[in-house]
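Hi everyone, thanks for coming. Let me put the structure up on the screen, and then we can walk through a few spots together.

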Amino acid sequence: MASVEFTLDGRPVSVDADAAMPLLYAIRNDLGHNNPHFGCGLAQCGACTVHLDGQALRSCVTPLSSVQGKTITTIKGLGTPEKPHAVQQAYIEEQVPQCGYCVNGWIMTAAALLNGNPKATDEQIRDGLAGLKCRCGTHMSIMRAVKRARALMAETAAT
Amino acid sequence: MATEFVQPLSRREFLLTSGALVVSTSMSLGVSSTYAQTGAVAPSPQFPSPDQLDSWIAILPDGTAEAFFGKMDMGQGLEVAIAQIVAEELDVAVEHVTVRMGDTATSCNQGGASGSTGVSLGAKPLRNAAAEARRILIERAAGVLKVPADKLTVANGVVAVTHTPASSVSYADLIGGKHFDAAVEWNKQVGNFMDVKGQARPKPLGDYQLVGKSVPRRDVAGKIFGTADYVTDIRVPGMLHARMIRPPTGGSTIASVNADSIKNARVVREGEFLAVVAEREWDAIEAARTLDVKWTPHDVDPFPGADGLHAHIRDATVVKREETTRKGDTESAFKSAARIIEAEYHWPLQSHASMGPACAVADVKSGEATIWTGSQKPHSTRDGVAKLLGLPPEKVRGIWVMGPGSYGRNDAGDAAMDAAYLSKLTGRPVRVQGMRSDGTAWDPKGAACVHRARAALDASGKVIAYEFVTKGLSRVNVMFNESDPRDCLTGMTLGLPLNPGAGLGSPSESYAFGAKLLAWEVVPPLLDRCSPLRTSHLRDPLGPEVHFGSEQFIDEIAAAVKADPVEFRLQYITAPRDAAIVKAAAEKAGWTPRRAPAHRVRSLHAKVLHGRGIAYAQRSDTVVAVIADIEVYPKDGRIWARKFTVAHDCGLIINPKSLRQTIEGNVVQGLSRTLFEEVHFDRNTVKSVDWASYPILEIRDAPEEIDIVLINSTDVAPSGAGEPTMRCVPAAVANAFWDATGVRMRRVPLSPPRVKAALAKI
């Protein structure tokens, strides 16, 4: 057992658990944030993605002990209905999800990608989203939304 | 936010605490408009009765409406479509209609999500009930306002005197929060075909204001901001976490279990039903990984191996054969033929591989059970759990909560049944969730099959006989719902007697050939009990499987007579809507006649080869034609289906935007199944256990463009869009591959190694 402290969606939190337990279970079960999902437990799908200090991270294979003192953001902390991240806003406008179980992977990865490279080309977006899964096959909407988010970010930067 | 389900209150307590009374049944079952969020209602003492208007529609005290729906939206926009239809008939704003879906305590058994019938069948009773509710409300308004009903107009839930609109009364004032206490005529059907009628006739098409509009879905924001709860997020106080233990090889049985091999968890076992439970989820996962179980292997290796599967099917005995079409005498036509074309096509086992493995939560106590499930068919879950636990169905409540994807009879039914049995055995609420391999290796699989096709041509090249026979594993080896525990791993591990069903499918088209025989033949399951390769419904059951063969074979005949594939189809198609849909796709795509492959492979040094192919099919009353434009990269065997053109006619369109996105999802998932998906297994073990060993399409391989032509046949009732497009995708891609390379791909998936191997033979 270990006591691990970190920041989750802007709030300091502390979890007492097996140090080797993946962060996903701490976020979901110990801290009650349901939004990162278990998809594979193997870092093969992205459903559990959160940000660690702004970078996309697969929480299902990240030992709890490794986030001591770090800043973790979930999709809920990325933006709110009142103040959405550009990718979330674009997702709403494009009505992207079907079952929606995969969206953490796509939104958190795309947000990190565009935050770091707001002018990413279509090819860079496709490359940056490699490895993520969507079983419902909403990839067409996903691409439209990420491109729309890129445009929204360009507008914001221009104003 | 954690969803904690507090101790269920009795109905009486609930009414006292909530203050709001909305009633959905004649049996005075209290149902809160906020129930879905709070869960604060005891299990239903009775099912809603279909012959009561209150079972379908309620007007709340604030004048907004609730519709109680026995099907569910799996993310294709069904919820908003139902809201549009109900709002249209009631004359209320669409945002004032809430659709309550898939709770057996509040909805009639409309069959759950099934066969793309959400609108085509599922909306019918809601539409009729809403029309009847409006009629009754106008009648009451006539009494209140003291004018004849035909002098009244309704808008936005307010009934007004047509020529003196100041004289009005609202739905809220007429009935808000109270029963209609009115009967509707029920057709006595249970499931998809359940329908009711009142005295009112639904509105004529010309009066529609909401139907046909792209009203935004209402489930999107909760999914995007992480506030919507999935079945995986349900937590009941005192619940245990469980993981099921499945045998490592097909047909193995438990020799011994060392309960001391795990910590912070305990073993739950009855017969071959084996699980670990723990207070903490991670402990359950670790215990499942470390539990020391000795297994006794099956007497013989039960499987033929993936590479031997189609030979096995070809040679297997037939347990059931059905001729779905027999017209004329094909045998004598083949004897007199000037030329015979033959081909055989193979479709592999495929997995639902839902985005997450299934999860369910069950609370069984005091002779009652509540099951939270992501199953497409919560009413079937209720019936199956009742049988499993020996409870009357009215003591069991199935509550659908959106799950990690669906696409047919996936692993959700097994999870629900496992959770219920574990709750019974432990006396505690139990949450069970699979690990990735449970979702990929252990879900019921889509049927594998072998199609034998042959066509007889006369001297002029006319098709005088056509045969297409599908032989394969049953689409209902286990039933497409979990209404009987013997169809779930739970019942199988507990030793319940089996009752495998036998069924497959045939092409759906309108080609008129001189003589025609369409048939299917079912072979026995590879392993009869607890098989990871048991087969059941996978999205559009037998649609992609069959039409991959039949629509490719049509192209093969066309090529044999040097006919253009579009012209050839139009020559033999008889149904006018079918011909129209093929023409619409061809026109939209700018199809140019092609009587031979455009770019026969002369050299594998070509970096990229381009090809175009078409396929068309019917499904129920929907017709679809798909044209694929693909690129083939011979060096690495990659196919990029860069553009699809889809012409789609599903009758009257309810919501064009949702429809387009549903079609896109069909194309992409169909493309994934065409290019990548095959369950790998050896003589006794399934090797496809995760996304690395069961790859699906990723965004790099998604099309660049899907161009969709929607035909709005307003004179045809809505006929479903959740599945039809998918069945055209595999053959469209394979036909495009032939156009690009001159090589026929008669086995799915058209994966890079198989493409390279096929091109290497040239």
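Here's one to start with: which residues point one way from S20(B), and which the other way? Keep in mind as you look that this is a predicted model. B:Val396, B:Gly398 and B:Trp400 point one way, while B:Arg397 and B:Ile399 point the other. In a regular strand, side chains alternate between the two faces of the sheet.

Now, are those residues buried or exposed? Every one of them is buried, whichever way it points. Strand S20 of chain B covers residues 396-400, and with five of the five buried, it is largely enclosed by the rest of the structure.

Who sits alongside? Strand S19 of chain B, residues 368-373, runs parallel to S20(B) and is joined to it by five bridges. If you want a pair to find on screen, B:Trp372 has B:Ile399 in S20(B) as its bridge partner.

Staying in chain B, let's talk about the core. The largest nonpolar core has 266 residues, and the members touching the most others are B:Ala360, B:Ala420, B:Ala585, B:Val626 and B:Val733. Leaving out residues up to four places away in sequence, B:Val733 touches several residues, among them B:Ile630, B:Ile639, B:Leu671 and B:Leu750.

Last stop, chain A. Helix H3 (residues 86-94) and helix H4 (residues 103-116) pack at about 130°, with axes 9 Å apart. That angle makes H3(A) oblique to H4(A). On the H3(A) side you'll find A:Ala86, A:Val87, A:Gln88 and A:Tyr91, meeting A:Ile107, A:Ala110, A:Ala111 and A:Leu114 in H4(A). By type, that contact has seven nonpolar residues, one polar and no charged.

Conventions
Residues numbered from 1 in each chain as written. Chains lettered and ligands numbered in written order. Predicted model: local features only at pLDDT ≥ 70, side-chain atom pairs only at ≥ 80, totals over all residues. Axes fitted to C-alpha atoms, helices over the stretch in contact; angles between N-to-C directions. Helix = DSSP H or I, 4+ residues; strand = E, 2+ residues; numbered from the N terminus. Parallel < 35°, antiparallel > 145°, perpendicular 65-115°, else oblique. Contact = placed C-beta atoms within 7 Å. Nonpolar A, V, L, I, M, F, W, Y, C, P; charged D, E, K, R; others polar. Core = buried A, V, L, I, M, F, W, Y, C linked by C-beta atoms within 7 Å. Buried ≥ 20, exposed ≤ 12 C-beta atoms within 10 Å, placed from the backbone. Pairing = 2+ DSSP bridges.
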